[in-house]
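Below are some notes on the chain, for reading beside the coordinates. They are set out as numbered points.

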Amino acid sequence: MLGPGAAMAQQEIAVKQDNLMRAQAKSLYTVMLKMTKGEIPYDQAAIDAALAQLEQSVPTIPTVFATNPKEHVVNATYGSSQKVWQNKADFDSKVPPVIKAIADVKGKIKDVASLKVAYDRINGACNECHETYRLKLK
Ligand code: HEC
């Protein structure tokens, strides 16, 4: 039996994992994707900062997802599939391609056209993991 303290800790783990994904989404979607669509003006400094954030954040996925929280974030739209912890080595293997995608586009984004290429490249690598390991909850 898990006491309420354990339940709290599990929710904290789930929130920490979700916050990591949300921070990455901020860089990739709120900054880069919106610029590709012209929803916000092209801003080289913001792109460079977004890439730096991703470069720092993505390699931490395997450790941040080291523990199965066994519950989803309250009211979340997305959650982790149990497959993450059943196939942790395969889950972890989805991370280096994202790191490589970021490295490959770094220094090559100069305008909206090259930003689109970079966005697709990185987003494709993110989705390689989401396809198998992310659950849509609502
Ligand atoms: C190794 C696997 C993996 C990789 C790589 C990965 N994700 Fe995720 N992502 C997940 C899992 C599992 C979830 C569901 C659990 C959660 O939300 O924490 C998720 C959830 C999300 C969510 C939904 C958050 C919410 O609850 O609204 C977003 C947005 C997201 N990821 C963005 C990204 C972006 C952007 C990248 C690439 C830069 C990325 N992810 C790379 C595994 C991954």
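1. The structure is a predicted model. Its chain holds seven helices and two strands, and along the sequence these run α-α-α-β-α-α-α-α-β. Taken along the principal axes, the C-alpha atoms fill a box of roughly 55 × 30 × 25 Å.

2. Burial and contact range. The chain has 138 residues, of which 21% count as buried. Of the contacts between residues at least 6 apart in sequence, 79% join residues at least 24 apart.

3. The core. The largest nonpolar core is made of 24 residues, and the members with the most contacts inside it are Met32, Ile47, Val98, Ile102, Leu115 and Ile122. Two or more core residues come from each of helix 1 (4-36), helix 2 (44-57), helix 6 (95-105) and helix 7 (112-133). Helix 7 provides the largest share, six residues.

4. Met32. With residues up to four places away in sequence left out, Met32 touches Ser27, Ile47, Ala50, Leu115 and Tyr119. Two of these partners, Ile47 and Leu115, are also listed among the residues with the most contacts inside the core.5. Helix 2, length. The 14 residues of helix 2 should span 20 Å at 1.5 Å a residue, and the C-alpha atoms at its ends are 20 Å apart, which agrees.

5. Helix 2, faces. Which residues of helix 2 are buried? They are Ile47, Ala50, Leu51 and Leu54. Viewed down the helix axis, these buried residues fall within an arc of 95°, so they line one face of helix 2. An α-helix has 3.6 residues a turn, so residues three or four places apart point the same way. On the face of helix 2 turned away from the buried side are the exposed residues Ala45 and Gln56.

6. Helix 6. The buried residues here are Val98, Ala101, Ile102 and Val105. Down the axis of helix 6 they fall within an arc of 95°, so they too line one face of the helix. The buried residues of helix 6 pack against helix 2 and helix 7. After helix 6 comes Gly107, with a positive phi near 80°.

7. Ligand shell, members. Around the ligand there are 26 residues, and those that come nearest are Asp18, Met21, Ala25, Cys126 and Cys129. By class, the shell has 16 nonpolar, six polar and four charged residues.

8. Ligand shell, sources. Which elements each supply at least two residues of the shell? They are helix 1, strand 1 (78-80), helix 6 and helix 7. Helix 1 gives the most, with seven residues.

9. Lys83. This residue belongs to helix 4 (residues 83-86). Is Lys83 buried, exposed or partly exposed? Lys83 is partly exposed, because 14 other C-beta atoms lie within 10 Å, whereas a buried residue would need 20 or more and an exposed one 12 or fewer. Beyond its neighbours within four places in sequence, Lys83 is in contact with Thr132 and Tyr133. Lys83 and Thr132 lie 49 residues apart in sequence, with their C-alpha atoms 7.9 Å apart in space.

How values were computed: Residues are numbered from 1 along each chain as its sequence is written. This is a predicted model: local features need pLDDT of at least 70, side-chain atom pairs count only at pLDDT 80 or more; totals for chains, interfaces and linings use all residues. A nonpolar core is a set of buried Ala, Val, Leu, Ile, Met, Phe, Trp, Tyr and Cys residues joined through C-beta atoms within 7 Å. Helices (H or I, at least four residues) and strands (E, at least two) are DSSP runs, numbered from the N terminus. Two residues are in contact if their C-beta atoms, placed from the backbone, lie within 7 Å. A residue is near a molecule or strand if its C-beta atom, placed from the backbone, lies within 6 Å of it. Ala, Val, Leu, Ile, Met, Phe, Trp, Tyr, Cys and Pro count as nonpolar, Asp, Glu, Lys and Arg as charged, and the others, Gly among them, as polar. The expected span of a helix is 1.5 Å times one less than its number of residues. The arc is that of the directions from the helix axis to the C-beta atoms.
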